[in-house]
Structure formats: C-alpha cells, structure tokens
Amino acid sequence: MVGFGRSHQDAGSAYQYQNLTSQNEFRLLQLLPGSGDRIDCELHHYFLGSDRCPQYRAVSYTWGNDAARQTLHLPGNVVIRVRKNLKTALRSIRDPVSPCWLWIDAICINQISDREKGHQVRLMADIYGGANVVLAWLQSAGENTDVAKAFKFIQAASNYDDTEHSVYNYCQSKLNAHGEDLAGEWRSVLKLCRLRYWSRKWIIQELVLARTVVLQLGNSPLPMADLEVFCSQLNANREVEGYLDIRKGAVWKSVLASPAARLALQRSEGRDDPRSSYLHDLVVRYQNNECRRPCDHVYALYSLVGPHRTHLTIEYEDSDVKRLVDILNFVQMHERLNPSKILSLTRLLLSLLHTRPEEFLQDPHKRGIAQSLNLIVPVTMLGTVELQQESAEAVASRRSVGVLSPTPTFEFDTSRRPSPFVSAGPEEDAVGRQDMMYFSIVGTDIYGLAACRLQNGDAMWRFRGTKYAFAVRHLPGERAQIVGRAHLVTDIDLDGVRHREHEVSLDLATLLQLNLLAVSSPRNRTSHSDMGGRFEQLQAMLGDAKVVGRGRYDVFVSVTSMLVLCLFIVILIEYRT
C-alpha cells in the first residue's frame, strides 16, 4: 500500500488528490461499515496486481446530470462530493459490520485531471478484469422501476432445469400446468432491459471485461450469468413462439432486441476472448450508446480492443482534429480497415466527436494537422460523359435542382495505384441552373446537370453515400482533374449498384473538403434532392428514437398520426372540389 492522501484543511474541506506516480498505480475506496445517511470511507493508493492490493469490487453505474452535492466523509474532516445516485448505491452496498473495497471511477480518478483520466482509461481493462465482482447498479436519477419481479422470473426460468431449453420449459410449465398469464413477467423484464443504465457507453467495457457481474437495484441482486443464460436461450430459440401466450404478443422479441440483451449476449459469446473486436467495428456497433464527453465514444471502447490498442493515443487534452487524425490513422495502419469503409467511418466519427470540418478547415493550424494524415479511399467510376440535346426532361430537371457554389479543381496522378492527390487549383466560375450542361453517362440510365464546362469523354466520379458527382477530365501525362460538380438524375440506387472503383490517396483535409462539396446543399432554393436528404435525416432521427427510449417513440407515433390526418383532409378537400 502506498498510503492515502488527505487534506489537512478545516472541517469539511474538499479532498486533495495526490498524483499517481506509477504506470500501474490506482486508487481504491474503503467503504467503512455503518448505517443511516452518513457514509464514512478512506481512499488509498495501490499498485494494480500487486500482492498487497486487496480484493475489490468495481461499481458500474450511471452518473446522472445533477450536481455533485452529496458528501462522503474521510478522515481528518475531509469530504468528497458525489452525485445523489452514487450515494444511494453506496448506502445499499455498504455492510453494517465490516468494511469493503470498491473501485468507482468518479471517486478513484481525479476528475479534474485530463492527464490522469487518460492514464486510468488505459488501465481499465485490468481494473475491471481484476475486480472480484463488478457490481452493476441499475438505478438512474428519476427512475423508480421495481425490478424484483423481473429478477425473480429470469432467475427461475434460467435455472429451471439443466437443458438448453430451460427458459422455454419453464414458460411452458407455467402456461400448461398452472394456466398462468406470463405477460406481466415479460413486461417487467422489458422494463428492466430498457432502463437508462443500459444506454450508457462506459458500461459496455465494464460488463464485458468483468469476470463476474451482479446486477442490483435497491436491495434486489441478480447474477448477470442468469441474464446471459436467459438471453442466450431466447436467441438460440428465436423461432419458437411458446415463450408467451401468443394472444398476448411476443414481448420476448423486444427483450431480445434491447441493449441489455445485446450486452448479455456479447458477454456469453465473447467470454474466451472479450477483446477480439476491432475499434472500427465497436464504434459502429455502439454508436447509439450515450456518454458525457464526445471523445468517450471512442475512449469508452478502448479496453475492448485487442493488444494492438496500445498504438492508439488516449489524450483528453488533444484537440478534436488531432483526436480524429489519431483514430483514423490507428484503424488504417493497425486494423487494416478496408478503404471502402474509411469515408463512412470518418463521417460517423465527425458526428460522434461533434467535429465540424467546415469550421476547422478554416483554421490553418488545425488544417495542417488534418493534412498530416494520408488516407486511401475508393471512388466509384460511373462512366464516360456524353453531352445531350436539351429535352423536356432537362427542363424539368433544371426546375428541381439548386445552384451549386463554385468548386476548386483537384488534380490526381493516375499513373500510380492508388492515385495520389497532387494539388488543388482555383475555383471555377459559378454556373446558374439554366446554364448547366445536360449529359448522360454512356451505357447507363444515368443523366445529369453539370455546373462546369463539361466535355464529351469526361468521366464522372462519385464517393459512396454522397449526393453529388464530380466531373473529371483526363489530362496529358496520366493525370486526372476534378473540374466541377454535377447533379445526377436517376432512379437507380447508386450505392446498391456495383460499379468499377478506383482508389485515390489524399490527405484528410482534402478528403473532408471533397466530402463537403459532395454533400453540401445548393445555395438558393430547396430542391427535391434536398428534401430527400432531409427525409433521410428524419429517418435517422426516428431510428435513434427507437434505440434511445420509449419517450421519443411516442412522439414519433403522435407526429405520424397528425401527418396521416392532414393527408386525409387534403384528399377529402380534393375530392369535394
């Protein structure tokens, strides 16, 4: 034991953290026995994995958004202030006659030191893996769900017999032998699986890496092993309709789709090697889980990555651009991420990290950081351009599209594979809708309007998942130059059709600049394509609503009902006139 530091100030003074001086040093809280509202404890330093380090439990819980006003009392009239939910958990965990050792992030990490937080994040795989038990405190501020009924049902069903159909057999025994209605039990399990706790991003590694997990809310405990058996059997027998009286509806399917069930399945399926996942897969898989700081969308998953995770820098003090560069460099160099996935992952990271490229690209220092990373991404070769005569379709298309702002030229060296970005040139003059050039792509049903001086034989490039295409002109000396942007007019799902692809190599700043050009909206009016983009954003929001909770889903139902009613009134008015 290294000893514990405390302030020698007046009574009630705030605890003063001593620095951690060793790579594997961490703190443990000793919760002293007692009863009532007052909680007494001590905070000690230990070396992780040393013989003198005591057996401890790690607490997994939700922080909440309230201020840290509750007090924990340490020797010397010193206090640590915590949030209400944590103090409630400690009162429930505390033994009346004997002390216990706990690791709790809000207490054992100096939360005002970004440097220490980065250091402790790198140790969390060993901290949670070394805990005797991880105690998952399910309660969150403002939630008063009683889980005792759900715990009793899960425990009874998962331990009913020694077969792989224990849950099914238990339900059938209740339905057939006693005629019991299990709808109430299933609804209670669904409420358990929809608790706010399960939406928290940090709990993923806390639970997956733990040797043993006990779920607790109030005085009701449940070994998570029972929930794992329960969910594994539901998943293995998902085609069976006998878990619940079919007339009541298959609530168990909603249970299986919940974030709680996903975590239980990951624990049971990944027990042999819980850190076998790649970071880029984890970021995508858990993108809807919540965290307080944007960078924790990545850092909270760090310990689930394999041994190569040591190549990723964990620095809370870094700028958003530096962090983005480090993450993309890591997945490209150490996870060999397929180039076809680089751009979509970049867009997701920009969203999760709350990073706006249109802002940092204007900052020379941040732009320089982005230019330090070179990425390889594929572009879709839609084909060769053929200019077309004006037609009724062209006139109609002009009315529906918006004006595109001027586009810089971008030159690539096509003599090499992948083709490296060479230089950017000045912007072309703006082209109005009536002056856009109408074209088709040879051998396809794709037409378009180009906001540049297009020529027969030019090519059309497109990045997957983007709105606009780029007009590309092949130059002498095996070079290619992006000369402008174009609206595409087609009923084809361009992302769903296989086209020839060509890989290009370019720095992150240039990639983001091109991506902005490929997705940015026209300037002067809302086109049908803009409406489609906004509808896609609405779909994404509604998709999030299904994941985050019931409240947003109810709003979705209400809005949809109003839209249907409005549509009905419009049809009625048209009919009457």
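**Reading loops and strands in a predicted model**

Author: Glu478 is located in the loop between strand S17 (469–475) and strand S18 (479–489). Please bear in mind throughout that this model is predicted.

Reader: What is the value of phi at Glu478?

Author: Although Glu478 is not a glycine, its phi is positive, at about 55°. Arg336 is found in the loop between helix H14 (320–333) and helix H15 (339–352).

Reader: Is Arg336 buried or exposed?

Author: The cut-off for exposed is a relative accessible area over 50%. Arg336 has 63% and is therefore exposed.

Reader: Which residues does a cis peptide bond join?

Author: The bond lies between Arg417 and Pro418, and its omega is about -5°. Pro418 belongs to the loop between strand S12 (408–413) and strand S13 (419–427).

Reader: How should I read the side chains along a strand such as S2?

Author: In a regular strand the side chains alternate between the two faces of the sheet. In strand S2, Glu25, Arg27, Leu29 and Leu31 point one way, while Phe26, Leu28 and Gln30 point the other way. Both sets are buried. Since seven of the seven residues of S2 (residues 25–31) are buried, the strand is largely enclosed by the rest of the structure.

Reader: Which strands pair with S2, and in what sense?

Author: Strand S3 (residues 41–47) pairs with S2 in the antiparallel sense over seven bridges. Within this pairing, Phe26 is opposite Tyr46 in S3. Strand S7 (residues 100–103) is joined to S2 by three bridges, again in an antiparallel arrangement. There, Leu31 is opposite Cys100 in S7.

Reader: In what order do the three strands of the open sheet stand?

Author: The order is S1-S6-S5, and the pairing is mixed. Strand S1 (13–14) and strand S5 (70–74) are at the edges with a single partner strand each, so one side of each has no neighbour in the sheet.

Reader: How many bridges join S5 to S6?

Author: Five bridges join S5 to strand S6 (residues 78–82), and the two run antiparallel. Within this pair, His73 is opposite Val79 in S6.

Reader: Which helix packs on the sheet, and which strands does the helix touch?

Author: Helix H1 (residues 84–93) packs on the sheet and touches S5 and S6. The direction of H1 makes about 50° with that of S5.

How values were computed
Residues numbered from 1 in each chain as written. Predicted model: local features only at pLDDT ≥ 70, side-chain atom pairs only at ≥ 80, totals over all residues. Heavy atoms only, no water. Pairing = 2+ DSSP bridges. Helix = DSSP H or I, 4+ residues; strand = E, 2+ residues; numbered from the N terminus. Contact = heavy atoms within 4.5 Å. Axes fitted to C-alpha atoms, helices over the stretch in contact; angles between N-to-C directions. Buried < 20%, exposed > 50% of the residue type's maximum accessible area, 1.4 Å probe, protein only.
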